[in-house]
Amino acid sequence: MKHLNRRVLMVLVYLLLGLPGNLYALQFHSSSEGIITHQIGHLFFLFSMVVLIFIISGKGLTIHKGWRLIQFSAFFFILWNGCALAAHFLDNQIYAVSIEQLANGYARIQTQNNSSLLGWLYYGLKLDHLLCVPAMFLMYKGLSCLVDEQKAGQGQNP
């Protein structure tokens, strides 16, 4: 009976998570305070990842696979934060780029002075998930390796 209740609860949780209503994944900042705070958050995260790389290198932790993966993760997070900072600067701070929503999920990037180079640069910057997802995956793998190493070390010690 106890396992049945747990299964019913898990099914309900999956249904609630799998059948969401409207998803508001994008957050737009209507005033300058919001975007400035957001940009400061990106800068702080970027700086933290730089510090993490130097700490890992300085303490010689790169001999462990887990720390090396975390160091690679930090590098990808630095790149991601740099792209996000630049994209937010272009579209929310200097308004050099705007996105026009078209029908059926299509959008058009409009730039000041109709610069196609700026449009392509902005398009590339908005593909920042290609940096963020590997960063999160490497962080997960690095932490998993460290946990596995610790469990293996505890098994050897009496």
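pLDDT is the predictor's confidence in each residue, from 0 to 100. You will need it here, since this is a predicted model: local features need pLDDT of at least 70, side-chain atom pairs count only at pLDDT 80 or more, and totals for chains, interfaces and linings use all residues. Residues are numbered from 1 along each chain as its sequence is written, and side-chain values use heavy atoms, with hydrogens and water left out.

**Exercise 1. Find the mean pLDDT of the protein, then the elements with the lowest and highest mean values.**

Step 1. The protein has a mean pLDDT of 88, and 88% of its residues reach 70 or more.

Step 2. Now go element by element. Helices (H or I, at least four residues) and strands (E, at least two) are DSSP runs, numbered from the N terminus. Helix α1 (residues 2–18) has the lowest mean pLDDT, 80, while α3 has the highest, 95.

**Exercise 2. Work out how the rings of Phe45 and Trp80 are arranged, and which parts of the chain the pair ties together.**

Step 1. Start with the rule. Rings of Phe, Tyr and Trp (its six-membered ring) pair if their centres lie within 6.5 Å; planes under 30 degrees apart count as stacked, over 60 as edge-to-face and the rest as tilted. The structure holds 5 aromatic pairs.

Step 2. Apply the rule. The centres of the Phe45 and Trp80 rings are 6.1 Å apart and their planes stand at 75 degrees, so this pair is edge-to-face.

Step 3. Locate the partners. Phe45 belongs to helix α2 and Trp80 to helix α3, so the pair ties together parts that are 35 residues apart in sequence.

Step 4. Look for a further partner. The rings of Phe77 and Trp80 have centres 6.4 Å apart and planes at 70 degrees, so they are edge-to-face. Phe77 and Trp80 are 3 residues apart in helix α3, about one helical turn. Phe45, Phe77 and Trp80 form one aromatic cluster.

Step 5. Check accessibility (buried means under 20% relative accessible area, exposed over 50%, partly exposed in between, with a 1.4 Å probe and protein chains only). Phe77 is buried at 8% and Trp80 is buried at 17%, whereas Phe45 is partly exposed at 28%.

**Exercise 3. Describe the largest nonpolar core and name the element that gives the most to this core.**

Step 1. A nonpolar core is a set of buried Ala, Val, Leu, Ile, Met, Phe, Trp, Tyr and Cys residues joined through side-chain atoms within 4.5 Å. The largest one has 23 residues, and Phe77, Leu90 and Val97 have the most contacts inside it.

Step 2. Two or more residues come from each of α2, α3, α4 (116–125) and α5 (129–156). The element that gives the most is α3, with 9 residues.

Step 3. Take Leu90 as an example, where contact means heavy atoms within 4.5 Å. Beyond its neighbours within four places in sequence, Leu90 touches Tyr95, Ala96, Val97, Leu118, Tyr122 and Leu125.

**Exercise 4. Find the salt bridge and decide how accessible its two residues are.**

Step 1. A salt bridge is a side-chain nitrogen of Lys or Arg within 4 Å of a carboxyl oxygen of Asp or Glu. A search of the whole structure finds 1.

Step 2. The partners are Arg108 and Glu100, with their closest N and O atoms 3.3 Å apart.

Step 3. Arg108 is partly exposed at 42%, and Glu100 is also partly exposed at 29%.
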